Structures are given as C-alpha cells and as structure tokens.
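Look at the sequence and the model first, then read on.

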Amino acid sequence: MDIGFGTSVDKNPLVAVKEAMRQAKSTLEDETAHLAIVFASGDFSYSSILKIISGIMPGISIIGTSGTGIISSHGVQQHGLSLLLIKLSALGDVVHTTAL
C-alpha cells in the first residue's frame, strides 16, 4: 500500500483540492491512487469538492467528512482541506465502496 497526504487552507475549493492533490501525489510512486479520504471544514461545498476530485482522478473511490476545522501536521485549522490518497498494491489490499 502506498499513501500520500496533502493539505490546503485556500478558500477556493478548486485551488484547495489541486494544492492538496499535488502534495499527496508527490509522495506516491506513480501518482495513481484507488481511494481518496477527504477531511474538509464545513464552509466548503462538499459536492464541489467531490466533483473536483472526480474530475482530476476519474474512477477513484472517495470517502470524506466535514467539520468545524481540520487537524493536520500544520496544527488545527478552522478552514481547510486535508486529502489522503491510498494506492492499493496487492490483492490483500481491498476496498469495497457503495455509491450513494
């Protein structure tokens, strides 16, 4: 399993997702992932974030939540987005998702 992490405090959802995605992809072996886990502050439109991620990485499974802020290696932020990308590397690494 390969994992990449990125975060952004930009208020523009497109810029925030692209910044966090760039950071997360930079640590992945070939910049591909099977699963995105997203944590975002409540002032982001979650449907916008999902559309942006799906547009950048079509077919990726996305799990996420929102709250009054995010916790990252930069501390507690009242506004922001954190993104964890996971690339499965073996048959033992299995993710089951169900569309809502």
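The buried residues of α2 are covered by elements that include α1, β2, β3 (61-67) and β6. Helices (H or I, at least four residues) and strands (E, at least two) are DSSP runs, numbered from the N terminus. Buried means under 20% relative accessible area, exposed means over 50%, and partly exposed lies in between (1.4 Å probe, protein chains only). Contact means heavy atoms within 4.5 Å.

This is a predicted model: local features need pLDDT of at least 70, side-chain atom pairs count only at pLDDT 80 or more, and totals for chains, interfaces and linings use all residues. Residues are numbered from 1 along each chain as its sequence is written, and side-chain values use heavy atoms, with hydrogens and water left out.

**Helix α2**
- Ile49, Ile52 and Ile53 are buried in α2.
- These buried residues fall within an arc of 95° seen down the axis of α2, so they line one face of the helix. The arc is that of the directions from the helix axis to the C-beta atoms.
- An α-helix has 3.6 residues a turn, so residues three or four places apart point the same way.
- Lys51 and Gly55 are exposed, on the face of α2 turned away from its buried side.

**Helix α1**
- Ala16, Val17, Ala20, Met21, Ala24 and Lys25 are buried in α1.
- They cover an arc of only 150° around the axis, which puts them on the same side of α1.
- Their packing partners are β1, α2 and β6.

**The largest nonpolar core**
- A nonpolar core is a set of buried Ala, Val, Leu, Ile, Met, Phe, Trp, Tyr and Cys residues joined through side-chain atoms within 4.5 Å.
- The largest one has 19 residues, and Ile49, Ile53, Leu81, Leu83 and Leu85 touch the most other members.
- At least two residues each come from α1 (13-25), β2 (35-41), α2 (46-56) and β6 (81-87).
- The largest share, five residues, comes from α1.
- Not counting residues up to four places away in sequence, Ile49 touches Val17, Val38, Ala40, Phe44 and Leu81.

**Thr7 in strand β1**
- Thr7 sits in β1 (residues 2-8).
- Why does Thr7 count as buried? Its relative accessibility is 7%.
- A polar atom of the Thr7 side chain lies 3.0 Å from the backbone oxygen of Leu81.
- The side chains of Thr7 and Ser82 are joined by a polar contact of 3.3 Å. A polar contact is a pair of N or O atoms within 3.5 Å; within protein, one must be able to donate a hydrogen and the other to accept it, and residues adjacent in sequence count only if both atoms are side-chain atoms.
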